[in-house]
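Trainee: Please take one part of this model and look at it closely. Then connect that part to the rest.

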There are 2 protein chains.
Amino acid sequence: MGENDRRKVSNPLGLAVLGLLAESPAHPHAIAAALRERGMDRVFKLTTGSLYDVVRALERAGWIEAGETVRVGARPERTVYRHTALGRKEFVRWVDELIRVPAEEYPKFLSAVSYLGILGPEGAVAALRERAGRVRAAREETLGLHREMLESGEVPRLFLVEVEYSARMQEAELGWIEEIVGDIEAGRLSWPDQVAGTGRTVAGDQ
Amino acid sequence: MGENDRRKVSNPLGLAVLGLLAESPAHPHAIAAALRERGMDRVFKLTTGSLYDVVRALERAGWIEAGETVRVGARPERTVYRHTALGRKEFVRWVDELIRVPAEEYPKFLSAVSYLGILGPEGAVAALRERAGRVRAAREETLGLHREMLESGEVPRLFLVEVEYSARMQEAELGWIEEIVGDIEAGRLSWPDQVAGTGRTVAGDQ
DNA sequence: ATCCAAATACTCGGATCCGAGTGATTGGAG
DNA sequence: CTCCAATCACTCGGATCCGAGTATTTGGAT
């Protein structure tokens, strides 16, 4: 997909799987459960369908391998996977590359902001205010979780850096929103006519 | 895909198409050309394949409609699309919603940061430094474009807010990276043993 | 002892995405 | 006048994604 995608497995979920299998072998369902328990599903989009696809892809690539397929009781058998030496190496490579070279991403908010004009000054302010509220709430939650984890003493800070990053980005967004709302309300961001829809064009001159 | 995706057309590229057709009718190829010219391909992931799919989806949804299919010379005929009344209404709705309610997104960097530990202190610092360099360059470019556009007097600031937002987020990321690098180098972010791979485990005691 | 909700473990097929191809046409160099 | 590169305009099929469904089993309340 991205242009840097001659990589064998592209779905980031693969990274999570690799990360987990590096600790100990597991079968897909157990992987999903563990990831959810650790709140990794805030970082990776985790759906059952994709999980099984990704696991298969990792196996094809030789980064993990199937061990025995165990059957407990008469439930569907579970195929237990473990990471390979290659898998562990590629895991590190992958993380390294994702950090070194920024991927172009296309956040939905960015696309919407590109058309902010169409909401008109009041509409824009209203929508931005609502978003700000929601982002603030989300940030509160993020921060709460972070403090809780840290204070429990169970989780070293190193394993929480991604939470710190998230919070930071949320704060930046919040800051920007507040600023732009301020600009709009103070009339520092002029609204060309023609724009701003809902039918009633702002009726300029000529 | 996201859970708020009972929406008829989900690909944000549809927003761009709607935005363009709101100005004047056009055929897909022209739409692509126009979007690229305006640098919208930094905001929307634009590929020919998806474009034609999205246009078809928008038509199915009744947000745009095909007009005449014109043939200039003997080239493949071009199907010219124009927006419908419904389309214009939905466009506004869509922008409004994208702004009001933050979509959960899964930036690749975030997933990588979750496993920063595995690079070891020096590896992490090196990778983060390289990223910082690249992000700084990208930000420089973003900012340059912004100034250029503004000073040309052709484009009102309202149409550049998304560039300002982008730059802001890049700065936030940069800030966070610098801070974390500082923390690592000052030893303020301790590295539990066991972590940090490449085979040579940091050889603790016992 | 019985029943239902939750957990276990996955499969399947539709929807979407997207890059690589296809083939015609125009512009301009020589 | 001829030829090639660039542009025009799109199609196609493989890869991926993902939610809804399937089927079993355990645990606990009644």
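Mentor: Glu68(A) sits in strand β1 (residues 64-70) of chain A. Strands are DSSP runs of E with at least two residues, helices are runs of H or I with at least four, and both are numbered from the N terminus. Glu68(A) counts as partly exposed, because its relative accessibility is 47%. Buried means under 20% relative accessible area, exposed over 50%, and partly exposed in between (1.4 Å probe, protein chains only). Arg78(A) is 10 residues apart from Glu68(A) along the chain, and their C-alpha atoms are separated by 8.6 Å.

The model is predicted: local features need pLDDT of at least 70, side-chain atom pairs count only at pLDDT 80 or more, and totals for chains, interfaces and linings use all residues. Residues are numbered from 1 along each chain as its sequence is written, chains are lettered from A and ligands numbered from 1 in the order written, and side-chain values use heavy atoms, leaving out hydrogens and water.

Now the rest of the chain. Chain A has 7 helices and 2 strands. Their order along the sequence is α-α-α-β-β-α-α-α-α. Of the 206 residues in chain A, 45% are buried.

Next, the loop between α4 (85-100) and α5 (108-113) of chain A. Glu104(A) is placed there. Glu104(A) is also partly exposed, because its relative accessibility is 38%.

Last, the two copies. Chain A superposes on chain B by a rotation of 180° with 0.0 Å of shift along the axis (RMSD 0.0 Å). The copies are therefore related as by a two-fold rotation axis.

Key. Copies are superposed by least squares on the C-alpha atoms of residues with pLDDT of at least 70 in both.
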